[in-house]
Amino acid sequence: MRIASYNVENLFMRAKALNQDSWAEGKPVLEAHARLNALFEKKTYTAADKKKILAEMKALGIEKTDEGKFVILRKTRGSLVKRPNGKPVEVVASGRDDWIGWLELKDETVNEIAIRNTARVIADVKADILAVVEAEDRIALCRFNEDVLKPLSFAYQSIMLIDGNDSRGIDVGLMTRGGTRIGQMRSHVEDEDNKGVVFSRDCPEYQVTTPSGENILLLINHLKSKGFGSQASSNEKRLRQAKQARKIYEARRAEGVKNIVVLGDFNDTPDSAPLAPLLKQGSDLKDASEFSGFDDGGRPGTFGNGTKTQKIDFLLLSPALFSKVTAAGIFRKGVWGGKNGTLWPVYDTMEGPHHAASDHAAIWADIGI
């Protein structure tokens with residue numbers, strides 16, 4: 001039975017700021033989006049707050065209109081600003097209670113060739129259990145399965161996704177085939193520690209029953225990225241998430257569950273401090289890449305050009321499962337490697353990075369279960 005994890009970077013719709021060729025264009029938008037929404041939530045807007053609000057709105061192209069290139073200012077009651085003709089724009093709300101609204105990221109359609117290449121990766125990997133990272137919602141997964149995967153003579157029978165905490169439509173889901181069945185599910189969107197809600201998306205638990213009657217428990221993760229915010233705050237958030245995932249794992253092990261996989265996009269490397277709770281500190285989880293026959297094609301990384309510092313996607317297996325691994329590796333044919341896409345063989349329909357299935361390679365392991 002093959003288990004895989006794959007960050008598809010959305011299937012049909014993606015926040016426009018995330019869909020640029022260069023991260024340098026999208027990153028400032030996401031940072032401004034977060035800052036402005038935080039300002040909106042203040043109970044009282046001081047003169048300094050109002051000045052910041054106008055500065056952020058101007059940077060996002062919504063000072064004089066509610067719709068910019070990357071964002072839309074949504075308002076359902078009251079007014080945030082006044083835009084008199086020939087006069088400066090003015091923040092008229094005194095605080096959060098004066099108006100109801102929010103700043104929304106604009107979506108756009110993902111390149112059609114890229115969507116089809118995403119399907120080709122999934123059909124070529126042929127995982128019986130596939131953890132999908134950065135999917136919009138369950139409906140999108142079902143449409144993708146029916147409209148894009150099935151024409152390739154490959155499809156999944158069971159599809160599930162629980163909405164997480166990310167407002168951008170970046171969730172984690174599960175697709176299974178080959179006689180496997182999704183059973184009990186448990187969400188952790190509301191898990192809290194002493195600093196508040198832990199998971200940026202979720203760390204859902206999915207129990208999958210195999211044709212042989214064995215159960216496998218999957219904990220799917222998409223930990224805090226390094227994309228925006230300070231490195232210190234991102235590392236702290238990722239550490240909190242890794243600690244909580246470890247806590248969930250240990251609780252299930254204490255309950256007698258033997259077959260567990262903690263998998264997904266962890267947004268950090270194996271030797272990083274934030275991932276230590278999962279990979280060190282007495283953890284008995286084993287990275288699939290430690291399997292003696294692991295095939296990485298000469299490149300240990302799973303993101304971008306596949307360097308050592310780009311190993312950020314993981315399959316961590318409990319001892320019982322790791323002992324049953326028969327093969328494992330990385331499938332990167334849908335990733336545009338290097339400036340000219342020549343670092344490894346790519347699909348014939350990929351003429352540039354905009355046609356890539358994802359910036360992430362799929363990671364997989366065959367389990368004799």
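View 1. Strand E8 (residues 129-135) and strand E10 (residues 171-176) run antiparallel and are joined by six bridges. The model is predicted: local features need pLDDT of at least 70, side-chain atom pairs count only at pLDDT 80 or more, and totals for chains, interfaces and linings use all residues. Residues are numbered from 1 along each chain as its sequence is written, and side-chain values use heavy atoms, with hydrogens and water left out. Helices (H or I, at least four residues) and strands (E, at least two) are DSSP runs, numbered from the N terminus. Val133 stands opposite Val172 in E10. Both strands belong to an open sheet of six strands with mixed pairing, in the order E9-E10-E8-E1-E20-E19; two strands pair if DSSP finds at least two bridges between them. Strand E9 (158-161) and strand E19 (325-331) are the edge strands, each pairing on one side only. From one strand to the next, the twist averages 15 degrees.

View 2. Helix H3 (residues 112-125) lies across strand E1 (2-7), E8, E19 and strand E20 (362-367), and runs at about 165 degrees to E1. Axes are lines fitted to C-alpha atoms, for helices over the stretch in contact, and angles run from 0 to 180 degrees between N-to-C directions. Contact means heavy atoms within 4.5 Å. Helix H4 (residues 138-149) lies across E8, E9 and E10, at about 150 degrees to E9.

**View 3. Tyr156 and the largest nonpolar core.** A nonpolar core is a set of buried Ala, Val, Leu, Ile, Met, Phe, Trp, Tyr and Cys residues joined through side-chain atoms within 4.5 Å. The largest has 34 residues, of which Leu130, Phe144 and Tyr156 touch the most other members. E1, H3, E8, H4, E9 and E20 each supply at least two residues of this core, and the largest share, seven residues, comes from H3. Tyr156 is found in the loop between H4 and E9 and counts as buried at 4% relative accessibility; buried means under 20% relative accessible area, exposed over 50%, and partly exposed in between (1.4 Å probe, protein chains only). Leaving aside neighbours within four places in sequence, Tyr156 is in contact with residues including Ile122, Leu130, Leu149 and Met175. A polar atom of the Tyr156 side chain lies 2.8 Å from the backbone oxygen of Ala127. The C-alpha atoms of Tyr156 and Leu130, 26 residues apart along the chain, are separated by 9.3 Å.

**View 4. Two non-glycine residues with positive phi.** Most residues other than glycine have a negative phi. Lys126, in the loop between H3 and E8, has a positive phi of about 60 degrees and counts as partly exposed at 48% relative accessibility. Asn267 has a positive phi of about 55 degrees and lies in the loop between strand E16 (260-265) and helix H6 (276-279). At 12% relative accessibility, Asn267 counts as buried.

Notes. A polar contact is a pair of N or O atoms within 3.5 Å; within protein, one must be able to donate a hydrogen and the other to accept it, and residues adjacent in sequence count only if both atoms are side-chain atoms.
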